[in-house]
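Take a moment with the fold before reading on. Follow the chain from one end to the other, then come back to the text.

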Amino acid sequence: MKTKNLYAKPIEEQYLTKAKKGPGKGLSILTREAPGHTIFEHNSIVYDLTYAVDFICPIKTPVKAGLYGEVFDTKNDVTKSWDKITEPPTSIMRPEEQDGNFVVIKHPGDEFSIYSHLSEVSVRKGQKVHTGDIIGYSGNSGWSIEPHLHFMVFKFLKDYDASRGLKSLEVRWK
Ligand SMILES: [Zn+2]
């Protein structure tokens with residue numbers, strides 16, 4: 001399923017570098033080739049990450065809101081990086097810290113965007129943001145094999161609650 005909304009790229013092209021590790025080595029933007037962009041089942045709850053996109057960029061690259069909306073959730077206290085881990089996690093978002101520091105924005109049409117593995121979050125929950133506003137800076141926190149931004153647009157399957165599953169949407173870019 002594709003997004004109803006059109007999204008701007010969260011990382012400016014000038015900052016993109018090429019992946020040094022993993023199956024997408026040599027590519028600057030990874031979609032399904034990135035490790036972890038698959039469908040997980042955890043306690044019979046389905047997390048479909050199929051359409052997530054990884055933007056390979058240096059730590060501290062400005063990350064911009066792909067679309068206007070309201071900050072739905074953030075995490076900004078993860079100092080760990082799972083740089084060496086090769087096994088995919090069994091679930092995402094909860095249990096904690098796999099996304100590292102992140103921002104989730106709620107958009108029209110019950111679409112949500114997530115920006116993961118940040119070095120720094122510069123917005124707070126409930127804050128309204130415009131398309132293109134800087135919401136944080138990229139990093140390597142959480143389950144990340146090298147510095148990058150993990151970006152995904154998704155719908156919650158039930159009650160705006162990640163613990164009940166979610167489905168990624170194929171992004172229609174501006
Ligand atoms: Zn990713």
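Residues are numbered from 1 along each chain as its sequence is written. Here pLDDT is the predictor's confidence in each residue, from 0 to 100. The chain has a mean pLDDT of 88, and 90% of its residues reach 70 or more. Over residues 84–94, however, the pLDDT is below 50. Beyond near neighbours in sequence, that stretch has 19 contacts in the model. Two residues are in contact if their C-beta atoms, placed from the backbone, lie within 7 Å. Where pLDDT is low, the predicted coordinates should not be read in detail.

Start with the secondary structure. The chain has zero helices and 14 strands. Both come from DSSP runs numbered from the N terminus: helices are H or I runs of at least four residues, and strands are E runs of at least two. Read along the sequence, the pattern is β-β-β-β-β-β-β-β-β-β-β-β-β-β. Of the contacts between residues at least 6 apart in sequence, 68% join residues at least 24 apart. Buried residues make up 41% of the 174 residues in the chain. A residue is buried if 20 or more other C-beta atoms lie within 10 Å of its own, exposed if 12 or fewer, and partly exposed in between, with C-beta atoms placed from the backbone.

Now turn to the pairings. Strands of a sheet pair through backbone hydrogen bonds, either parallel or antiparallel. In this account, two strands pair if DSSP finds at least two bridges between them. Strand β14 covers residues 166–173. Strand β1 (residues 2–7) pairs with β14 in the parallel sense over three bridges. There, L6 has R172 as its bridge partner. Strand β4 (residues 45–48) also pairs with β14 in the parallel sense, over two bridges. Strand β13 (residues 148–156) pairs with β14 in the antiparallel sense, over four bridges. Its F154 has S168 as bridge partner in β14.

Five bridges link β7 and β8 in the antiparallel sense, and V71 stands opposite I105 in β8. Two bridges join β7 to strand β11 (residues 128–129), again antiparallel. In that pairing, E70 has K128 as its bridge partner.

An open sheet of three strands has the order β6-β12-β10, with antiparallel pairing. Which strands form its edges? They are β6 (62–64) and β10 (120–121), each of which pairs on one side only. Three bridges join β6 to β12 (residues 134–137).

Next comes the core. A nonpolar core is a set of buried Ala, Val, Leu, Ile, Met, Phe, Trp, Tyr and Cys residues joined through C-beta atoms within 7 Å. The largest one has 37 residues. Those with the most contacts inside it are F55, V103, Y115 and M152. The elements that give two or more residues to this core are β2 (29–30), β5, β8 (101–107), β9 (111–118), β13 and β14. Its largest share, five residues, comes from β13. Not counting residues up to four places away in sequence, F55 touches P10, I11, L16, I29, H148, L149 and F151.

I59 lies in the loop between β5 (53–56) and β6. It is partly exposed because 16 other C-beta atoms lie within 10 Å. I59 and E146 are 87 residues apart in sequence and 9.4 Å apart in space, C-alpha to C-alpha. Leaving aside neighbours within four places in sequence, I59 is in contact with S119, S138, G139, N140 and P147.

Most residues other than glycine have a negative phi. K60, in the loop between β5 and β6, has a positive phi near 80°. K60 is partly exposed, since 15 other C-beta atoms lie within 10 Å. H117 lies in strand β9 and has a positive phi of about 70°. Is H117 buried or exposed? With 28 C-beta neighbours inside 10 Å, H117 counts as buried.

Note on methods: Predicted model: local features only at pLDDT ≥ 70, side-chain atom pairs only at ≥ 80, totals over all residues.
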